[in-house]
Amino acid sequence: MHVAMVPARLRVAVIGAGMAGLSCADRLACAGHCVALFDKGRGAGGRMSTRRMQTALGDVEFDHGAQYFTVRDPAFMAQVARWSARGVAAPWPVAGTGAWVGVPRMSAVVRDMAEQHDVTFGWHVSGLVRRDGAWFVSGECAGGGREQRGPFDAVVVSLPPEQAAAIVALHDLSLASTALAARSQPCWTAMFAFTEKLATARDCVRETGVINWAARNSAKPGRRGPETWVVQAKPDWSAAHIEMAAGDVAARMLGELGKALGVELPEPTVAAAHRWRYAMSSGSDLGALWSETSRIGICGDWLLGPRVENAWVSGKALASMMLETVEAAVA
C-alpha cells in the first residue's frame, strides 16, 4: 500500500466518545491537531453511561455501566485530581479504598471531557471509505439519514473489539485480526427504584449467587432522588441468558437481590434491565494499536484490562503513537 505524506496538523476522526476515545482526543487536541468524534449514543459515556427514567417518583437515574473506577497510574491520578477540583468526581469508600465515582452521575467525568471537543452524538458509524488518499466516515444519524463525514488524515476506533474489527476489517486485516482475537464478556444489568429505603445497612453486594455486583445507587456521592439499586449479573450467567427477555431478567435479579440482602423487598416502582453484549474483556499487554500504513488506530480498555483507568491510558498511548508518526515525518 502506498503511504502518503503525513501532514503536520492531522485531521482525525474518533469513533466512540467513551473514556478511551476522549482521552486520545484530549492528547491530540493539546498537540494542536483537529479532532472530530462520532458516537451512536445520545450523550457521552459509553460503558460509563447513566440511564435516566421518568417515573411516578420523578426522574430517577442509574449508573448502569461501570460502577466506580480506581487510580494507579500517576498521570491518571493527576486527571482524577482535576475532575475532583471541578466537582465532577468524588471518592466512594463503600466500593473500596481508592474507589471514585462521577458526580452527580457516573457519566459526569466523560461528559466533562466531551465538552472540550467536537462530538456528533446519535451518529452510528457503519464503515470507512478511502478516497483520494483520505478517510471518510460513513454513518447513519438518529433520524435515519445516511451520510459521509471527512476528509480525515487518520481514524481512531474506540469500540469493543468485536465492533472495532467490523469497522476496520476491509482496510487493515492485521488490526482486525488482533481485535477478533479478543473476546468480550456480556453483562445483564438490572435497575430498581423503590418508594422507601430498603431495610438494610448494606450499600453493596459482591459475588453472591448469580450477582456479580449490586449497589445502592442512591447512596453514591452527590446523588439525589428516591432509593435506587443497580444489580449486575455474573458474566457466565449473562452469557447463558443473553437472549432472555429484559423483563424476565429484571424479575430474576430482584429475587436475587432480596436473597443477597436477606430482606423481603417491596414491589419496585421501576424494574428494568439492560443487556451489555460487550461489557468486559480479559485484556492484553498491547496498550493500543496503530498502523502508520493505513493510518488507523484502535484504543480501549480491552487492550490492557477491564478498568476505566486502562481505557484512559490506552487512549493516551494511541495518541502518543500517532504523534510520533507526525514528528518523524516532519523531522
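## Ser294 in a loop

Ser294 has its place in the loop between β17 (289–291) and β18 (296–298), where strands (E, at least two residues) and helices (H or I, at least four) are DSSP runs numbered from the N terminus. This is a predicted model, in which local features need pLDDT of at least 70 and side-chain atom pairs count only at pLDDT 80 or more, while totals for chains, interfaces and linings use all residues. Residues are numbered from 1 along each chain as its sequence is written, and side-chain values use heavy atoms, with hydrogens and water left out.

Ser294 counts as buried because its relative accessibility is 2%, and buried means under 20% relative accessible area, exposed over 50%, and partly exposed in between (1.4 Å probe, protein chains only). A polar atom of the Ser294 side chain lies 3.4 Å from the backbone nitrogen of Ile296.

## Ser320 in a helix

Ser320 is found in helix α8, which covers residues 308–330, and at 28% relative accessibility Ser320 counts as partly exposed. Ser320 and Ala36 are 284 residues apart along the chain, and their C-alpha atoms are separated by 18 Å.

## A sheet of three strands

Strands of a sheet pair through backbone hydrogen bonds, either parallel or antiparallel. Here, an open sheet of 3 strands has the order β8-β9-β10 with antiparallel pairing, where two strands pair if DSSP finds at least two bridges between them. The edge strands, each pairing on one side only, are β8 (123–131) and β10 (146–152).

Strand β9 (residues 134–141) runs antiparallel to β10 and is joined to β10 by 5 bridges; Ser138 has Gln148 in β10 as its bridge partner.

How values were computed:
Polar contact = N/O pair within 3.5 Å; in protein donor to acceptor, adjacent residues only side chain to side chain.
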